[in-house]
Structure formats: structure tokens, C-alpha cells
Amino acid sequence: MTLASWKGPRAGRLRPSAREIKMLAPRCDVCDEGINTPKGWAETCEHEPFVTLVPIERRQTLYEDVLTKDGKPTGTKRATGQETLVDYIIRPNWVSITLSRGVNSGRGVEKALRKGFIMPEDLRCEAYPDGIKPRCEFNGCFAEDIKPYRNGKFCRDLEAAMVYLCEGEGRTYEVGFNAISSEKQSDQVAAALTKVQ
Ligand SMILES: [Zn+2]
Ligand SMILES: [Zn+2]
């Protein structure tokens with residue numbers, strides 16, 4: 001059984017940040033009635049609570065042929081109006097759980113599981129009956145081509161290094177950190193990489 005692909009956006013900015021686990025939150029307008037909703041409602045919800053159908057609208061102009069007097073096409077077209085077409089994409093209900101000693105004592109995932117959140121591998125819905133691939137654990141990164149490091153799973157070395165620099169050994173890094181801005185910083189990144197690989 002292979003996990004399905006779901007192409008997600010990569011991180012925009014690379015700076016030291018805590019490890020972040022991507023999970024899926026249950027949402028349903030029918031079954032979730034706020035504070036009175038029984039615990040574990042998502043398990044019996046039949047409305048695909050872990051994904052959202054997102055409508056993508058596009059408009060297109062309609063044309064007709066301009067004809068000669070005897071009814072032959074002139075090659076010119078005339079715009080007669082516009083129509084709106086709607087396609088649907090399936091978006092998993094992503095939530096990012098920060099994992100660091102400072103936040104939830106690093107127990108955010110356990111707490112989220114108790115609240116009924118699930119890992120992407122455990123998603124079961126019509127479009128993805130066997131789950132989708134886990135995500136990169138860098139802040140804001142939803143890439144799925146990831147590999148294991150000592151401090152988590154990431155899509156590239158630099159992201160693993162950035163998480164190490166955020167968490168690692170109480171060291172300080174330059175203010176306004178930018179991974180490619182100075183030699184000192186690239187030394188720091190290189191040193192971090194030797195720790196996480
Ligand atoms: Zn429901
Ligand atoms: Zn990544």
C-alpha cells in the first residue's frame with residue numbers, strides 16, 4: 001500500500017524555527033455543534049471531516065461566428081457573453097503542531113491526537129482511501145519528498161540545519177539571520193549540518 005501524493009507548497013523563508021508536525025484537523029458544519037459536541041465525533045462523521053472541497057472558479061468568454069449574407073463564416077468571431085466554470089480541488093485540513101521543549105513541553109502531537117487530529121498517513125476519504133504522504137517538518141513547509149535527519153524529517157539539508165540552530169544547545173545566531181548573507185552564518189549552517197546528519 002503506497003501513500004498518495006498531495007503536492008504542497010514549500011517554505012518561503014528559511015530562518016531558524018522550531019520543528020513543526022503537520023496533522024489534519026476534523027471539521028464538519030453538520031456534526032460539530034460547538035461545545036455540546038460529543039468527544040470523538042469525527043470518528044462517526046460521514047462528511048469527510050479531514051478534507052475540504054475548495055471551489056476554483058474560472059470565467060470564459062463565449063463566441064459565435066460572424067457570418068456573411070449567405071451564411072458562411074467570415075473568420076471573425078463575436079463575443080456573446082461569459083460563463084463561469086467551477087472545478088473542485090481537495091485540500092486536507094492542515095494544522096501545524098510546533099514541537100519544542102518550550103511549547104507544550106514538546107507534547108503537542110499527543111495532545112492533538114487526543115483532540116481527534118490525525119496524521120496524514122491515517123487519512124481515509126473517498127479521494128485518498130489509503131492516506132497521504134507525511135510532510136516536511138520545517139516551519140511552513142508542506143513538501144512531501146522528505147528524508148530523515150537526527151532532528152526530524154525535512155525536504156532539504158538547510159531546513160534541518162535551521163531547526164537545529166533554533167533548538168540546539170542554547171547557542172546564539174546572528175540577528176536577522178539569512179542563510180546566505182554572511183560567511184559566519186554559512187559556517188554556522190555547516191556546523192549544524194554535521195550535527196543533524
Ligand atoms: Zn459530519
Ligand atoms: Zn521542507
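These are my notebook entries on a predicted model of a protein chain.

**Ground rules**

I am working with a predicted model, where local features need pLDDT of at least 70 and side-chain atom pairs count only at pLDDT 80 or more, while totals for chains, interfaces and linings use all residues. Residues are numbered from 1 along each chain as its sequence is written, and chains are lettered from A and ligands numbered from 1 in the order in which they are written.

**Overall layout**

I started with secondary structure and got 4 helices and 6 strands for the protein chain. Helices here are DSSP runs of H or I with at least four residues, strands are runs of E with at least two, and both are numbered from the N terminus. Going along the sequence, I read the order as β-α-β-β-β-α-β-β-α-α. The radius of gyration, taken over C-alpha atoms, comes to 24 Å.

Next I looked up the domains, whose bounds come from an automatic or database domain assignment. Domain 1 covers 19-50 + 93-196, and domain 2 covers 53-88. Their centres, taken over C-alpha atoms, are 45 Å apart.

Then burial: 22% of the 197 residues count as buried. My cut-offs are 20 or more other C-beta atoms within 10 Å for buried, 12 or fewer for exposed, and partly exposed in between, with C-beta atoms placed from the backbone. For contacts I use C-beta atoms, again placed from the backbone, within 7 Å. Of the contacts with a separation of 6 or more, 60% join residues 24 or more positions apart.

**Cores**

A nonpolar core is a set of buried Ala, Val, Leu, Ile, Met, Phe, Trp, Tyr and Cys residues joined through C-beta atoms within 7 Å. Which members of the largest core touch the most others? I found Phe-138, Ala-161 and Tyr-164, out of 17 residues. Helix H3 (157-167) and helix H4 (183-196) each put in at least two residues. H3 has the largest share of this core, with 6 residues. Another core, of 10 residues, lies apart from it and includes Leu-24, Ile-97, Phe-117 and Leu-123.

**H3 and H4**

I listed the buried residues of H3: Glu-159, Ala-160, Ala-161, Met-162, Val-163, Tyr-164 and Leu-165. They pack against strand S1 (19-24), strand S5 (147-149), strand S6 (152-154) and H4.

How do H3 and H4 pack? Their axes are 8 Å apart, at an angle of about 95 degrees. That makes H3 roughly perpendicular to H4. The axes are lines fitted to C-alpha atoms, for helices over the stretch in contact, and angles run from 0 to 180 degrees between N-to-C directions. Under 35 degrees counts as roughly parallel, over 145 as roughly antiparallel, 65 to 115 as roughly perpendicular and the rest as oblique. On the H3 side the contact includes Asp-157, Leu-158 and Tyr-164, and on the H4 side it includes Gln-188, Ala-192 and Val-196. Tyr-164 itself is in contact with Asn-151, Ala-192, Lys-195 and Val-196, leaving aside neighbours within four places in sequence.

**Single residues**

Pro-26 sits in the loop between S1 and H1. Pro-26 is buried, with 20 other C-beta atoms within 10 Å. Beyond residues up to four places away in sequence, Pro-26 touches Ala-42, Cys-45, Pro-49, Phe-50 and Gly-116.

Glu-48 is in the loop between helix H1 (41-44) and strand S2 (51-67). Its phi is near 50 degrees, a positive value in a residue other than glycine. Most residues other than glycine have a negative phi. Glu-48 is partly exposed, with 19 other C-beta atoms within 10 Å.

Val-109 belongs to helix H2 (residues 108-114). I get 16 C-beta neighbours inside 10 Å, so Val-109 counts as partly exposed. Leaving aside neighbours within four places in sequence, Val-109 is in contact with Ile-21, Ile-97 and Leu-99.

Phe-142 lies in the loop between H2 and S5. Phe-142 is partly exposed too, with 19 C-beta neighbours inside 10 Å. Its contacts, not counting residues up to four places away in sequence, are Gly-8, Pro-9, Lys-22, Trp-94, Arg-135 and Cys-136.

Terms used. Contact = placed C-beta atoms within 7 Å. Rg over C-alpha atoms; globule rule 2.2 N^0.38 Å.
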